[in-house]
Amino acid sequence: MDLVAVDSANGGASRSDSVVARRGPLPSAEHPVGDSVPPRYRAISERQLARIPQLACLPRDHRFAIQVVSRVLPFRTNRYVVDELIDWSRVPDDPVYQMTFPQPGMLDERDFARVADLVRRDAPKEEIAPVVTAIREGLNPHPAGQRELNIPKDAHDTALEGIQHKYRETVLFFPSRGQTCHAYCTFCFRWAQFVGKDMKIYAKQASGLHRHLAEHPDVTDLLLTGGDPMVMKAPNLARYVDPVLAAPELAHVQNIRIGTKSLTFWPHRFVHDDDADELLRLFERIVASGRHLAIMAHFNHWRELGTQVVQQAIRRVRDTGAVIRTQAPVLRHINDDPAVWERMWRDQVRLGVVPYYLFVERDTGARRYFEVPLERTRQIYSAAIARVSGLARTVRGPSMSADPGKVEIIGVQEVRGERVFVLRFLQGRNPDWVGVPFFAAFDPKATWLDQLQPAFGENRFFFEDEFDAIRRRKAVGSKP
Ligand code: SF4
């Protein structure tokens, strides 16, 4: 059987530079550091599940469920994840297995039954596609107003596809070649990026980005995101970044951030890939330009930090002058335990990495499988942060990246005889909202901001009237 790095679920994502399709046998399971043959990246898609021998330890119905769920939600892994991160003696409970392999409970029962029936009957593509599309549409593929509220427009009122500008200081850019990942997280809030062009946010050209940045001198931060920009070859990444460094009119862009999970899923990217050194030279150029380079690394569990190669990768990235900051959501089945966070933050600080954000799982995709009530998430954060030294207390949260902004749960208090959540914005569509404390009636079951009610019998939160006005302005097409 050919090994072709195919697009994910039902012909979804486009191929990325370093996820080049190749023919030949599956690569070796061995990737020791210092091996004379450098490991080469190969994606494993849902069509190649039968080629992962470790899956044979699972009951047949569980293997079937993986097939069913991966028709709807994207699946991709690679041999580093399979052979070095997953502890197969603990499967299905292993956190990295849960993080990367579709699980039976990720679709609701009715949707699961519909797709299972189609798979069992070996139904034709034409019959499966509309069912899958309808299920995906019901999973809130673009949460937090990403399509309606975040995409800016140019002077001719044309949407700048592949750019998001939600907060005054920060612009997100989705380079077209960076819209896959070395493996896919089962809980991904950007899963829609991987399931077909219609649902995807991306830009082919950087010219619109540069014009937009030049027109917005308040922007200090450019975040390259995806997907994972680290799937791009270094020269392609440089084509986006070098013009920013060179343009005097973009001097206000002081911080370049790169959102990535490559340190977890393919740390060889920074150590053994053909262009690893070229990539690090690009990082050095960014730092030499006087800018701050922040690698926004995504780690969910301390196990991801345990291999020799990830530690070598971290050292190499830090040696360029870049700062690695970490962020992740609290997820049932993976890290809903303060001890996991405590150890992860301790390990990160020891490795010179800065804990940055603890998020609430977002309201999209397989949320029903992973979500943890806000109160439990808060308890996990509080218990973990209390057990680490000040160096790890840089981490903020729990934070909800919601439609109006990033809302932090500060705590639970009794105020005027009422039990309330104390909240504040860490980022807001209106910067004036940032830092203002506000109160929601305590609800032990709530899992997201839209399930909370204002405390003290009030009708609306303080920001809602203004947020409605922002929404109305966007709906009639005015510029940001
Ligand atoms: S690495 Fe990030 S973008 Fe990629 S699948 Fe995981 S959460 Fe999604």
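**Sheet, helix packing and ligand shell**

In this predicted model, 11 strands form an open sheet of mixed pairing, ordered β3-β4-β5-β6-β7-β8-β9-β10-β11-β12-β13. Its edge strands, β3 (163-167) and β13 (438-441), each pair on one side only. Direction ignored, neighbouring strands of the sheet are turned by 30° against each other on average. Strands are said to pair if DSSP finds at least two bridges between them. Strand β6 (residues 255-260) and strand β7 (residues 292-298) run parallel and are joined by 6 bridges; Ile 256 has Leu 293 in β7 as its bridge partner. Helix α13 (residues 374-386) packs on the sheet and touches β8 (323-330), β9 (354-360), β10 (396-401) and β11 (405-415), its direction making about 155° with that of β10.

The model is predicted, and local features need pLDDT of at least 70, side-chain atom pairs count only at pLDDT 80 or more, and totals for chains, interfaces and linings use all residues. Residues are numbered from 1 along each chain as its sequence is written. The chain has 14 helices and 13 strands, taken as DSSP runs (helices H or I, at least four residues; strands E, at least two) and numbered from the N terminus.

The axes of helix α7 (residues 234-246) and helix α9 (residues 276-288) come within 10 Å and cross at roughly 10°. Helix α7 is therefore roughly parallel to α9 (angles under 35 degrees count as roughly parallel, over 145 as roughly antiparallel, 65 to 115 as roughly perpendicular and the rest as oblique). Axes are lines fitted to C-alpha atoms, for helices over the stretch in contact, and angles run from 0 to 180 degrees between N-to-C directions. Ala 234, Leu 237, Ala 238, Val 241 and Leu 245 in α7 meet Glu 278, Leu 279, Leu 282, Arg 285 and Ile 286 in α9, contact requiring C-beta atoms, placed from the backbone, within 7 Å. By class, this contact has 8 nonpolar, no polar and 2 charged residues. Ala, Val, Leu, Ile, Met, Phe, Trp, Tyr, Cys and Pro count as nonpolar, Asp, Glu, Lys and Arg as charged, and the others, Gly among them, as polar.

Around the ligand lie Cys 181, Tyr 184, Cys 185, Cys 188, Arg 190, Gly 226, Gly 227, Asp 228, Lys 261 and His 298, each with its C-beta atom, placed from the backbone, within 6 Å of the ligand. This shell has 4 nonpolar, 3 polar and 3 charged residues.

Val 412 is found in strand β11. Its C-alpha atom is separated by 9.4 Å from that of Phe 439, 27 residues apart along the chain.

Key:
Contact = placed C-beta atoms within 7 Å.
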